[in-house]
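Here is a friendly walk through one model, from its core out to its ligand. Have the sequence and the 3D view ready as you read.

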Amino acid sequence: MREALGFAALTTSLRIALTVARRAALIVARRAALTAARRGALTAARRGALTAARRGALTAVALAALTAAPAFAQPETLYLRTLASNCAQCHGTEGHAAPGSALPALAGMPRDYLLAQLQAFKAGTRTSTIMQQLARGYSDAQLEQLAAFFAAQRKP
Ligand code: HEC
């Protein structure tokens with residue numbers, strides 16, 4: 001009888017020990033799962049951010065390439081811009097004179113008006129301080145190109 005009681009007590013304590021061990025194992029497993037899930041979520045978030053950043057950078061590069069392409073793709077455009085850059089010192093970049101400048105802003109002026117002034121400077125029929133000397137340095141074809149270039153620029 002004593003032996004049976006002792007066996008029963010042993011079985012009970014074994015069961016309790018098993019239950020405790022199982023609970024402990026469950027808690028450890030749950031914690032591990034939570035940590036893994038958290039890490040997974042973080043990695044996913046990081047990947048998402050990276051992909052977004054990469055996409056943003058790619059779009060920026062593509063946009064820059066698109067914007068830069070017309071300026072560099074055609075030698076004629078480059079030639080025109082170089083020709084017109086001779087006028088930037090006084091009339092501003094692409095004819096956008098500095099605010100408050102006494103010099104005329106050429107950007108967006110009508111092509112025919114610009115050409116007529118340039119030809120008049122060259123012929124000496126429009127008196128000027130400096131433009132008559134400058135205009136003589138350009139061929140008629142170049143004056144036409146300059147007039148067209150500045151007429152095509154956005155008005156300030
Ligand atoms: C050193 C300064 C200077 C440079 C460089 C210069 N200009 Fe001028 N530009 C003037 C001045 C000053 C006037 C006003 C007329 C004058 O006194 O010569 C003027 C006037 C003009 C006008 C007449 C604008 C109007 O409202 O009637 C045109 C067109 C013009 N310039 C075109 C050009 C072009 C094209 C170039 C480049 C090839 C050029 N200018 C380079 C100083 C300059």
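The largest nonpolar core has 10 residues: Leu 106, Ala 107, Leu 114, Leu 118, Phe 121, Ala 135, Leu 146, Ala 147, Phe 149 and Phe 150. A nonpolar core here is a set of buried Ala, Val, Leu, Ile, Met, Phe, Trp, Tyr and Cys residues joined through C-beta atoms within 7 Å. A residue is buried if 20 or more other C-beta atoms lie within 10 Å of its own, exposed if 12 or fewer, and partly exposed in between, with C-beta atoms placed from the backbone. H4 and H6 are the elements that give two or more residues to this core, and H6 gives the most, with four.

Two notes before going on. This is a predicted model, in which local features need pLDDT of at least 70, side-chain atom pairs count only at pLDDT 80 or more, and totals for chains, interfaces and linings use all residues. Residues are numbered from 1 along each chain as its sequence is written.

The protein chain has six helices and zero strands; helices (H or I, at least four residues) and strands (E, at least two) are DSSP runs, numbered from the N terminus. Buried residues make up 8% of the 156 residues in the protein chain.

Now take a look at helix H6. Leu 146, Ala 147, Phe 149 and Phe 150 are buried in H6. They lie on the same side of H6, because they cover an arc of only 165 degrees around the axis, taken from the directions from the helix axis to the C-beta atoms. Asp 140 and Ala 141, on the other side of H6, are exposed. The cover over the buried residues of H6 includes helix H2 (75-85) and H4. Leaving aside neighbours within four places in sequence, Phe 149 is in contact (C-beta atoms, placed from the backbone, within 7 Å) with Leu 80 and Ala 84.

Where does the ligand sit among the residues? It is surrounded by 17 residues, and the closest are Cys 87, Cys 90, Ser 128, Thr 129 and Met 131; a residue counts as near if its C-beta atom, placed from the backbone, lies within 6 Å. H3, H4 and helix H5 (131-135) each supply at least two residues of this shell.

| Class in the ligand shell | Residues |
|---|---|
| Nonpolar (Ala, Val, Leu, Ile, Met, Phe, Trp, Tyr, Cys and Pro) | 11 residues |
| Polar (the others, Gly among them) | six residues |

Finally, Glu 94 is in the loop between helix H3 (88-91) and helix H4 (111-123). Its phi is near 50 degrees, a positive value in a residue other than glycine.

Conventions:
Two residues are in contact if their C-beta atoms, placed from the backbone, lie within 7 Å.
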